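Please read them alongside the sequence and the model.

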Amino acid sequence: MDVIFWNSLSFIWDVPSRYIGPYKISHWIEKFGYSSQVIDFVKYLTEDQLYTATKKFITPETKVIGVSTTFLAAQKNTWSDGSISFFPEHLIKVVRKLKTEFPKIKFILGGYGSEFIYGYGLWDATIMSYNESSEDIFLEYLRYLKGETNEPIFKLITNYYLTNATKIRKHYYTAKEKIYNIEIDDFRFKKSHAILSGEALPLDISRGCIFACRFCNYPHLGKHKKDYIRGMEFVKEEIIYNYENFGTTNYMILDDTFNESIEKMQEFHNMTCNLPFKINYSAYLRADLIQRFPETAYLLKESGLWGAYHGLESLHPYASNLIGKGWSGKHAKEYIPNLFHNIWEGKIPQHLNFIMGFPKETFEDIMNTVKWVEENKLYSINIEQLSLGDPEKTHRHSIKSEFEKNSVKYGFKFVDVPENHDKLLAWKNETWDATNYSFSDTWNTINRYIDEHKLRKSSIWNLGNLQLLGYDKSYLLKTSVNDYNFSELKTNVRNVYQQYYDLLINL
């Protein structure tokens with residue numbers, strides 16, 4: 001194999017689910033004659049399993065082992081010596097073994113989470129696009145390693161999380177030649193990906209977000225409505241292929257804003273109505289766009305929507321307007337219950353996400369939001385802490401949010417914190433002080449109320465693969481997280497990962 005990709009999601013429940021990034025790059029480079037293999041769920045494979053599976057695919061031609069960090073680095077891990085890392089300990093051990101045995105192989109970090117990764121002296125480079133496709137950047141890097149072209153464009157970076165970082169690595173962030181076009185992307189999962197029968201799969205229909213919320217530092221913000229959208233004929237062909245080869249009918253649509261335009265919703269609805277079977281899917285949806293274009297609520301329902309993720313962020317009039325989501329502070333309290341109970345007849349669960357830390361929104365305001373969810377018998381709520389990093393202190397090399405670029409304008413002040421303090425919680429405003437431990441204590445108090453009052457249910461992203469584990473959808477929709485039999489859940493999860501490993505190792 002020319003390239004081996006390591007991939008994994010990392011969430012509290014550890015429910016099997018795939019991030020699509022490495023699969024897309026693998027599909028792209030194979031069009032140009034390069035061979036590749038994705039090894040997924042690396043967080044949940046044992047050290048021996050990961051080492052054995054990787055060595056199985058290493059050949060004299062292997063140039064790169066690429067590690068996808070976008071969701072692998074979503075949570076911190078405690079190592080056996082008590083240290084904290086965004087990488088699982090066994091993964092680093094395997095990297096060290098392989099670097100000793102195969103010193104010519106390049107170990108590359110890719111994806112949004114790469115800027116959170118400590119150096120360990122292990123990584124040769126980072127690849128992460130700002131506002132273009134990583135497919136082209138990786139292809140150019142691979143051609144360079146093969147001696148087929150000059151080195152791609154790069155900048156030298158230090159580790160994001162270490163203020164006094166000394167380890168410098170190359171960061172490839174743009175392509176000289178832009179070839180990839182999502183509009184004609186004919187992506188397919190393959191049997192060599194060891195897809196489980198009936199597994200819910202990620203579905204990539206468009207890239208980027210038409211909005212630019214002021215706290216957001218994700219790439220591809222502010223695109224036009226009809227840019228970077230796959231032709232529905234390619235989406236349809238992929239869905240039919242997955243059904244015929246893996247029995248898949250459940251999907252997680254990854255678009256930053258799935259319902260960005262009526263035209264897109266109409267085309268998707270028409271495509272699903274012409275499938276020879278029904279699909280179900282979860283998606284990120286802007287509730288304000290559903291209200292603005294009421295037809296889309298029914299198009300979504302009829303096309304198979306079974307889980308909606310709404311990033312409302314705040315119901316406070318000032319805070320919601322400050323972040324660029326003024327609709328949430330004006331209309332969400334009335335519209336969201338109507339959408340859930342009346343328009344969708346209580347059949348489509350809505351996960352409501354909020355962020356704690358905006359100016360003028362107090363603890364009492366956030367608790368009122370939580371109680372609004374409870375009183376209106378809505379599906380599920382999550383409260384996150386506002387994460388902002390001082391661009392001058394954190395060596396950040398990705399997209400910077402509007403709040404980070406113009407902190408004073410929006411009422412934020414960045415402050416120095418100890419080396420072991422979270423650098424994304426080194427800010428203050430007139431209402432909150434994220435550097436004070438009481439900030440996290442307040443957040444914990446809110447979450448205790450949510451859990452005690454059973455307001456947190458299964459994430460909409462887990463609905464498909466929890467059914468793969470044997471759970472009935474009706475059970476999932478009515479059962480709070482705290483009422484699950486976690487001993488049984490962990491056993492079922494371990495069994496699924498063992499099934500995956502057996503498929504992979506027997507390829």
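1. Two strands count as paired if DSSP finds at least two bridges between them; strands (E, at least two residues) and helices (H or I, at least four) are DSSP runs, numbered from the N terminus. Strand β13 (residues 305-313) runs parallel to β14 and is joined to β14 by five bridges. Y309 stands opposite H351 in β14.

2. The model is predicted: local features need pLDDT of at least 70, side-chain atom pairs count only at pLDDT 80 or more, and totals for chains, interfaces and linings use all residues. Residues are numbered from 1 along each chain as its sequence is written, and side-chain values use heavy atoms, with hydrogens and water left out.

3. Six strands form an open sheet with parallel pairing, in the order β10-β11-β12-β13-β14-β15. β10 (201-203) and β15 (380-385) stand at the edges with a single partner strand each, so one side of each has no neighbour in the sheet.

4. A cavity is a set of points, on a 1 Å grid over the protein atoms alone, where a 1.4 Å probe fits but cannot get out; lining residues have an atom within 4 Å of a point. Grid points are joined across faces, edges and corners, and a volume is the space filled by probe spheres set on the points. The count is two cavities of 30 Å³ or more.

5. The largest cavity has a volume of about 40 Å³. Its lining includes E313, F354 and I383. β14 supplies the largest share of that lining, three residues.

6. The second largest cavity has a volume of about 30 Å³. Among its lining residues are Y23, H27, E30 and R188.

Key
1 Å grid on protein atoms, 1.4 Å probe; cavity = no way out; pocket = protein on both sides within 12 Å on 5 of 7 lines; lining within 4 Å.
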